[in-house]
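Here is a friendly briefing for anyone meeting this structure for the first time. Have a look at the model, then read on by topic.

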Amino acid sequence: MTHTGVVLTGGGARAAYQVGVLRAISDMYPASGHPFDVVVGTSAGAINAAGLAGGGSIFRHNVTHLETIWANLSVDQVYHSGSMAIMRNMTRVARKLISGSEQRQSLSLLNNAPLRQLLEQQLDFDAVHEAIEQGHLRALGLNACGYTTGRNLCFFETGSDISSWNNGQRGGARTELSLDHVMASSAIPTLFEPVHINREYFGDGVTRQMAHISPAIRLGAQKVLIIGVSGNSRSEPRRPQKPVIPTFGQIMSHVFNGLFLDTLEYDIERLDVINQLLSLIPEESVAQAGLDLKPIELLDISPSKPLEDIAEQYMDGLPAILRTLGGVPEDGNISGASLGSYLLFDQRFSRDLIELGYKDAQDQSDEIARFFGPGTP
């Protein structure tokens, strides 16, 4: 049996795009159970992964449930968005830093307690356990980063004999997954509080994540669909008419893009190179060398246009203080929209991203059909 995996990457509010792609696949295969038996999620992609794995035995129902969540989402369902609440939180952080007491309490600029309340209502981990026990799902993996060790860890649940692994700064820990693992994976660095799991505090899974596809392969996937949230590879970067001093928002947008987007593109390029090399080397030579390498079929679906272009239309959906910190887009400089797109949990933005994801997947319907093969999923 060929195991098929899906990798849902991070990107804050941008992850709504993934739901559109999944909806298009569910429309192509309306009678399907779980077309992906290995599901791996990181950051906001962990929310989608848990929803996809724990919604029931019918794939399209799970996707519909995710779409309902994203299409009706508002900022105040994710973090306390009132200006006074944000100012109080930022003031508290500043006081801790000045007093040196930050070691006794975690630091975060935003309070994402509403997100936990929302996910407690919307995610069903009993259903995840049941899907795995009944064999509908081989494995669910959620990536997070330990702030003490600096180690990127894939927490995974499976019904197979897959063991935990250790590969330097990357590892996998077999466990029974819970909401804490989702909250840890989606805890954007400095913005949301890290989560205490076992002996360590964990934050966003994109932190120090240099091998996004590796956990899915470790969990048995032989072909992998990656749904990214970056349009970098399909659009040219914009250049200003004249040099300007970078704003805070511009600098932070590049930091976030480096965390959430660039490493995934590098990982895809690296796997493509490995696949090409393996096609040139006889299988017996690989075996004789003791290399545990096999070609992995890969399909990458990513936005056909920059998501910050869409976010720019809805920046009024962000709290005023965050718009100010990000910088107001002007003179063709949309750095504020780029940064804001990670926190723009606004149903208008989400719905546009879902529709873009749906259209992009439809445009790649032939590639999707070849990926799954005849008679599947």
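P295 sits in the loop between α10 (283-288) and β10 (297-301); helices (H or I, at least four residues) and strands (E, at least two) are DSSP runs, numbered from the N terminus. This is a predicted model, in which local features need pLDDT of at least 70 and side-chain atom pairs count only at pLDDT 80 or more, while totals for chains, interfaces and linings use all residues. Residues are numbered from 1 along each chain as its sequence is written, and side-chain values use heavy atoms, with hydrogens and water left out.

**Around P295**
- With a relative accessible area of 56%, P295 is exposed; buried means under 20% relative accessible area, exposed over 50%, and partly exposed in between (1.4 Å probe, protein chains only).
- Leaving aside residues up to four places away in sequence, P295 touches Q222, N275 and L278, where contact means heavy atoms within 4.5 Å.
- D272 lies 23 residues from P295 in sequence, and their C-alpha atoms are 9.2 Å apart in space.

**The whole protein**
- The protein has 15 helices and 10 strands.
- Of its 377 residues, 54% count as buried.
- Among contacts with a separation of 6 or more, 76% are between residues 24 or more positions apart.

**Strand β3 and its partners**
- Strand β3 (residues 139-146) is mostly covered, with eight of its eight residues buried.
- A139, G141, N143 and C145 point one way from β3, while L140, L142, A144 and G146 point the other way.
- Strand β2 (residues 38-42) pairs with β3 in the parallel sense over five bridges; two strands pair if DSSP finds at least two bridges between them.
- N143 in β3 is the bridge partner of T42, and N143 also stands opposite C154 in β4.
- Strand β4 (residues 152-158) pairs with β3 in the antiparallel sense over seven bridges.
- The two form a hairpin with five residues between them, and G150 in the turn has a positive phi of about 70°.
- Strand β8 (residues 200-204) runs antiparallel to β3 and is joined to it by three bridges, with F202 in β8 as the bridge partner of G146.

- C145 counts as buried because its relative accessibility is 2%, and C154 does so at 1%.
- Zero disulfides turn up in a search of the whole structure, a disulfide being a pair of cysteine sulfur atoms within 2.5 Å.

- The largest cavity has a volume of about 150 Å³, where grid points are joined across faces, edges and corners and a volume is the space filled by probe spheres set on the points.
- Of the 15 residues lining the largest cavity, A44, I47, W70, L115 and F345 are the closest to its centre.
- α5 gives the most to this lining, with three residues.

Conventions. On a 1 Å grid over the protein atoms alone, a cavity is a set of points where a 1.4 Å probe fits but cannot get out, and a pocket is an open set with protein on both sides within 12 Å along at least five of seven lines; lining residues have an atom within 4 Å of a point.
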